[in-house]
Amino acid sequence: MNTVTSQWKAVDIFTQIREHEQVVFCNDEKTGLKAIIAIHNTTLGPALGGCRMYPYVAVEDALFDVLRLSKGMTYKCLAADVDFGGGKAVIIGDPRKDKTPELVRAFGQFVESLNGRFYTGTDMGTTPDDFVHAMKETNCIVGVPEEYGGSGDSSVPTALGVIYGIQATNKVIWGSDELHGKTYAIQGLGKVGRKVAKRLLEEGADLYVCDINEAAVEEIVSYGKKLGAGVKIVHGTEIYGTDADIFVPCAFGNVINDDTIYV
C-alpha cells in the first residue's frame, strides 16, 4: 500500500475528518490494540462497515484508509437502499503475527462503547471466526459463522457480486455476459479474490494473478492446471500492464488512478 502524501499529513486533523461525524482512536496497551473507527454519516441509520487489519507504515496511512472507506460505505448503503450509514474500522498490525483473541475482544469493547452507532464484521486481514471473540463484548457484530447465529462468510456474496459486475461489463462491451474466452487480471487473492479467480477458471477463463501471499498464488496456479486453464503470475505493478481484457482489483481500493491507468 502506498503511504499518504506529506501534504495530506500536514493538514490539520479536524480538516481531514471534516466530512465525518465521529472518529475514534482505540488503544489498549495490554493487548497491543491500535485501531481507528470512523463514522462518516448516520442519516439513514447506524454506521455499517467492516474491520480490516493491516500493518500500516504510519498512523496517518491508517487514518487516510479508514476515512475514505467509511465514506464509501455511506454511498454503498445508499445505493443498496439499506437503513444503514457508512462506517469503517482499521486495526494497525500484521494479522499473521499480531492478531489474538484478546486483541479482538478489546476491539469489541470499543465498538460497544459507541452504543449501537457502529456495526462491523470481517474485512481484509480479519475472518468471521475473529469476531466470535468480539461478540463476547458487543452485539454490534455481523457476518459471524452460522453456528454462532450469524450469516456466515461475507466474502461469498462479495465474490458473487464481483462476478455479477464482470458479467455486466462483458455484456456492455461484447454483447454477452459469458465469462469464458476472456483473460482477467486479478490483483489480490484473499478471501474474495481467490473465490473470484476459481469461478473464472471454472468458467473457462485465463488469468493473470498477483498477491504478496505466495501460497495463495500457488493455490490458484494449481487450480488452473487442474482445469487446463492458463494462469500467469505477475508481480506488483506489473498487473496494470498486462494484456488482459478485464482488470479485477481485489486487494486495496483506490488503485485505478492517474499513476496506474496509463501504465
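This is a predicted model: local features need pLDDT of at least 70, side-chain atom pairs count only at pLDDT 80 or more; totals for chains, interfaces and linings use all residues.
Biologist: How is H7 oriented relative to H8?
Modeller: Helices are DSSP runs (H or I, at least four residues), numbered from the N terminus. Helix H7 (residues 191-202) and helix H8 (residues 214-227) have axes 10 Å apart and pack at an angle of about 15°, where axes are lines fitted to C-alpha atoms over the stretch in contact and angles run from 0 to 180 degrees between N-to-C directions. Angles under 35 degrees count as roughly parallel, over 145 as roughly antiparallel, 65 to 115 as roughly perpendicular and the rest as oblique. H7 is therefore, relative to H8, roughly parallel.

Biologist: Which residues of H8 make the contact with H7, and how many residues of the contact are charged?
Modeller: With contact meaning heavy atoms within 4.5 Å, H7 contributes Arg194, Ala197, Lys198, Leu201 and Glu202, while H8 contributes Ala216, Glu219, Ile220, Tyr223, Gly224 and Leu227. Ala, Val, Leu, Ile, Met, Phe, Trp, Tyr, Cys and Pro count as nonpolar, Asp, Glu, Lys and Arg as charged, and the others, Gly among them, as polar. On that division the contact has 6 nonpolar residues, 1 polar and, as charged residues, 4.

Biologist: How is H6 oriented relative to H7?
Modeller: Helix H6 (residues 155-174) and H7 have axes 9 Å apart and pack at an angle of about 50°. That angle makes H6, relative to H7, oblique.

Biologist: How many residues of the contact of H6 with H7 are nonpolar?
Modeller: From H6 the contact includes Val156, Leu160, Ile163 and Ile166, and from H7 it includes Val192, Val196 and Leu200. By class there are 3 charged residues, 3 polar and, as nonpolar residues, 9.

Biologist: Which elements give two or more residues to the lining of the largest cavity?
Modeller: A cavity is a set of points on a 1 Å grid over the protein atoms alone where a 1.4 Å probe fits but cannot get out, and lining residues have an atom within 4 Å of a point. The largest cavity has a volume of about 40 Å³, and Ile91, Lys99, Val104, Phe107, Thr126, Asp130 and Phe131 line it. The elements are helix H4 (101-112) and helix H5 (130-134).

Biologist: Which helix gives the largest share of the lining of the second largest pocket?
Modeller: A pocket is an open set with protein on both sides within 12 Å along at least five of seven lines, and the second largest pocket has a volume of about 210 Å³. Of its 10 lining residues, the closest to the centre are Gln16, Glu19, His20, Leu67 and Lys71. Helix H2 (13-16) and helix H3 (59-80) each supply at least two lining residues, and the largest share, 4 residues, comes from H3.

Technical notes: Residues are numbered from 1 along each chain as its sequence is written. Side-chain values use heavy atoms; hydrogens and water are left out. Grid points are joined across faces, edges and corners, and a volume is the space filled by probe spheres set on the points.
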